[in-house]
Amino acid sequence: MNKVGLALDYNNICKDYNTVYLDRDNNDRDTVACMVKVMDFFKTFFNDLMQTFNYELYRLNQPNPLELREIVKKRFFFYSLEKEILAQTFVFQKEKMAYGGLSEWVVKGEDSLLIQNDDEGEGVIFYFIENSEVHKWLLEKLSDCSLDEVPFEEA
């Protein structure tokens with residue numbers, strides 16, 4: 001049960017913004033349009049994931065399911081020059097389960113997908129069991145995107 005990761009950069013979804021990264025405080029029309037496009041992409045993407053695998057959304061350390069709107073927001077996806085970015089971790093899974101940390105998820109999170117925001121607001125990272133059904137689904141669903149393999153680190 002080797003856990004691995006795939007990083008998805010937002011430039012796979014939208015390239016028409018006028019800054020180095022998508023700054024959630026930037027009111028530039030092109031940047032705002034790009035952020036909306038990214039959030040729309042993930043709303044659809046996460047809905048498909050949840051329907052395909054019968055998953056619900058959870059915070060890593062909380063057993064209560066969340067609404068999708070808790071993850072599909074600027075605060076999760078995008079950096080802010082004024083406020084920086086708050087590192088967040090969510091888990092898509094079938095069962096209600098809270099984890100004491102990433103090391104517990106590694107052991108107990110068998111049929112799940114963990115997602116973290118990039119600390120620079122450039123994309124998201126998905127973690128899962130290598131060669132699992134969700135791994136195959138991600139590769140197929142994101143086949144038009146440039147993905148970077150990322151080793152799983154518990155720290």
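A residue is called buried when its relative accessible area is under 20%, exposed when that area is over 50%, and partly exposed in between, using a 1.4 Å probe and protein chains only. The model is predicted, so local features need pLDDT of at least 70 and side-chain atom pairs count only at pLDDT 80 or more, while totals for chains, interfaces and linings use all residues. Residues are numbered from 1 along each chain as its sequence is written, and side-chain values use heavy atoms, with hydrogens and water left out.

**The whole chain**

Begin with a cartoon view of the protein. How many helices and strands does the protein have? There are 4 helices and 6 strands, where helices (H or I, at least four residues) and strands (E, at least two) are DSSP runs, numbered from the N terminus.

Turn the model to view its extent: along the principal axes, the C-alpha trace spans about 45 × 30 × 30 Å. The radius of gyration, taken over C-alpha atoms, may be set against a globule rule of 2.2 Å times the number of residues to the power 0.38. For 155 residues a compact globule would have a value near 15 Å, and the protein agrees with this, having 15 Å.

Now switch to a surface display. The accessible surface comes to about 8,500 Å², and 44% of this belongs to carbon and sulfur atoms; such areas come from the Shrake-Rupley method with a 1.4 Å probe, and for residues only the protein chains shown count as cover. Of the 155 residues, 49% count as buried.

Contact means heavy atoms within 4.5 Å. Among contacts between residues at least 6 apart in sequence, 65% join residues at least 24 apart.

Colour the charged residues next. Lys and Arg count as positive and Asp and Glu as negative, whereas His and the chain ends are not counted. Each charge is placed at NZ of Lys, CZ of Arg, CG of Asp or CD of Glu. The 17 positive and 29 negative charges have mean positions 7 Å apart.

**The cysteines**

Select Cys-14 and Cys-34 and show their side chains. These two residues form a disulfide, with their sulfur atoms 1.7 Å apart; a disulfide is a pair of cysteine sulfur atoms within 2.5 Å. The pair links distant parts of the chain, 20 residues apart: Cys-14 is in the loop between strand S1 (3-9) and helix H1 (29-53), and Cys-34 is in helix H1. The structure holds 1 disulfide.

Why is this disulfide called left-handed? The torsion about the S-S bond of Cys-14 and Cys-34 is about -100°, so the disulfide is left-handed. Cys-14 is buried, because its relative accessible area is 7%. Cys-34 is buried as well, at 1%.

Cys-145 is buried, with a relative accessible area of 18%.

**The loop between S1 and H1**

Move to Lys-15, which lies in the loop between S1 and H1. Is Lys-15 buried or exposed? Lys-15 counts as exposed, at 61% relative accessibility. The C-alpha atoms of Lys-15 and Thr-31 are separated by 9.2 Å, and these residues are 16 apart along the chain.

**The loop between H1 and S2**

Select Asn-54, in the loop between H1 and strand S2 (56-59). Its phi is near 55°, a positive value in a residue other than glycine. Asn-54 counts as exposed, at 59% relative accessibility.

Tyr-55 lies in the loop between H1 and S2 and counts as buried, at 4% relative accessibility. Leaving aside neighbours within four places in sequence, Tyr-55 is in contact with residues including Leu-49, Phe-92, Asp-111 and Val-134. The C-alpha atoms of Tyr-55 and Asp-111, 56 residues apart along the chain, are separated by 9.3 Å.

**Two further loops**

Proceed to Val-72, in the loop between S2 and helix H2 (74-77). Val-72 is buried, with a relative accessible area of 17%. Not counting residues up to four places away in sequence, Val-72 touches Met-39, Lys-43, Phe-46 and Phe-77. The C-alpha atoms of Val-72 and Met-39 are separated by 6.0 Å.

Finish at Asn-131, in the loop between strand S5 (123-129) and helix H4 (133-141). Phi of Asn-131 is near 65°, a positive value in a residue other than glycine. Asn-131 counts as exposed, at 56% relative accessibility.
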